[in-house]
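Reader: I am new to structures of this kind. Could you show me how to read one, feature by feature?

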Amino acid sequence: MQRWGWGPARSSQRSMMINTLDLQSTELVYVAEGNANIVLKLTKLKQVLRLPKLEKSKGGGDHELFCYLHRSVKYISILADMCGHEFIFLPRIVKIPEDEAKRINEFITNFRPVNRLGKEFNGKYAMLMQDATAGSTSEPIYSVEIKPKQGWIFDNTIDHIFRLQGVKRCRYCCMQYLKMKMEKISSRSKYCPMDLFSGNVNRMRKAIEAILYEPQNNLRIFKNWKSCI
Ligand SMILES: O=P(O)(O)O[C@@H]1[C@@H](OP(=O)(O)O)[C@H](OP(=O)(O)O)[C@H](O)[C@H](OP(=O)(O)O)[C@H]1OP(=O)(O)O
Ligand SMILES: Nc1ncnc2c1ncn2[C@@H]1O[C@H](COP(=O)(O)OP(=O)(O)OP(=O)(O)O)[C@@H](O)[C@H]1O
């Protein structure tokens with residue numbers, strides 16, 4: 001996937017109104033992160049701030065970051081048009097005040113997984129969007145997050161890579177062998193995205209059962225905003 005530090009700068013921020021986020025009066029709580037973004041909760045606003053991150057030594061240009069976020073927002077809005085706006089939160093690009101990046105990085109360091117500390121937020125822009133784990137009732141809210149992975153098999157040109165012991169497998173299943181070899185996981189999951197996306201109820205059920213049995217990083221369940229799995 002394209003990184004904001006590398007992308008060609010095509011669109012201009014002059015055509016959009018970008019507000020600066022006032023973080024002084026807002027309580028920030030570290031939620032989680034993946035390989036590319038750190039997500040913080042703005043508790044009072046029921047919103048989250050998605051901060052793109054880069055390797056500490058690499059400074060990304062602010063204009064490139066803005067263009068990357070702008071493209072992402074466009075992409076998400078096309079998805080929302082296709083899938084329904086009730087299913088997808090449209091993010092907004094916000095400006096992070098000068099010198100706040102340093103303060104944010106310092107504040108969240110202790111909450112971050114040690115293996116993710118090589119990257120940090122060091123740009124001027126972030127995405128603000130609705131907190132998917134927040135609701136308006138006083139009852140506990142459970143949120144389920146699935147990272148389903150690629151649900152199709154590549155075309156013939158490279159499919160020899162995805163043959164193991166003569167059997168054609170999907171990318172996720174092959175990556176399980178690699179992750180075992182690299183000691184990232186201790187056992188192979190029986191989950192397969194080809195089952196989840198098959199449209200066959202039995203195979204879909206098998207996929208859900210497998211992901212519940214061995215969640216790895218493909219399943220998270222939150223009670224309110226606290227992760228239970
Ligand atoms: O390549 P994969 O299948 O290992 O997926 C990467 C993910 O690894 P996973 O296997 O899900 O643990 C990886 O996730 P983790 O860092 O392992 O949590 C990222 O999602 C990565 O995305 P990006 O390149 O940072 O946008 C993912 O890379 P892309 O496939 O999006 O390039
Ligand atoms: N709108 C949201 N509301 C609540 N939690 C969220 C929201 N967006 C993201 N998160 C949490 O933050 C985590 C990291 O966010 P995200 O998936 O955007 O990071 P990422 O670095 O792009 O991930 P990856 O590189 O693995 O694809 C998510 O797995 C989810 O638990």
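Author: We go from the whole chain to the two ligands and then to one residue. This is a predicted model, in which local features need pLDDT of at least 70 and side-chain atom pairs count only at pLDDT 80 or more, while totals for chains, interfaces and linings use all residues. Residues are numbered from 1 along each chain as its sequence is written, chains are lettered from A and ligands numbered from 1 in the order in which they are written, and side-chain values use heavy atoms, with hydrogens and water left out.

Reader: Into which domains is the chain divided?

Author: Domain bounds come from an automatic or database domain assignment. Here they give domain 1 (28–132) and domain 2 (143–227), with centres, taken over C-alpha atoms, 26 Å apart.

Reader: How many helices and strands does the chain have?

Author: Both are DSSP runs, numbered from the N terminus: helices are H or I with at least four residues, strands are E with at least two. This chain has five helices and twelve strands.

Reader: Which residues come nearest to ligand 1?

Author: A residue is near a molecule if one of its heavy atoms lies within 4 Å of it. Ligand 1 has ten residues around it, and Asn35, Lys149, Arg171, Lys179 and Asn217 come nearest. A polar contact is a pair of N or O atoms within 3.5 Å. A polar side-chain atom of Lys149 is 2.7 Å from an oxygen atom of ligand 1, and for an N or O atom in the side chain of Arg171 the distance to an oxygen atom of the ligand is 2.6 Å. The protein covers 67% of the 590 Å² of accessible area that ligand 1 has on its own (Shrake-Rupley method, 1.4 Å probe).

Reader: Where does ligand 2 lie?

Author: Ligand 2 lies between domain 1 (28–132) and domain 2 (143–227), because both give residues to the shell around it. That shell has 17 residues, and among the nearest are Ala36 and Arg220. A polar backbone atom of Ala36 is 2.8 Å from an oxygen atom of ligand 2, and one of Ala132 is 2.8 Å from a nitrogen atom of the ligand.

Reader: Is Ser57 buried or exposed?

Author: Buried means under 20% relative accessible area, exposed over 50%, and partly exposed in between (1.4 Å probe, protein chains only). Ser57 counts as exposed because its relative accessibility is 71%. Ser57 is in the loop between β4 (54–55) and α1 (62–83).

Terms used. Polar contact = N/O pair within 3.5 Å; in protein donor to acceptor, adjacent residues only side chain to side chain.
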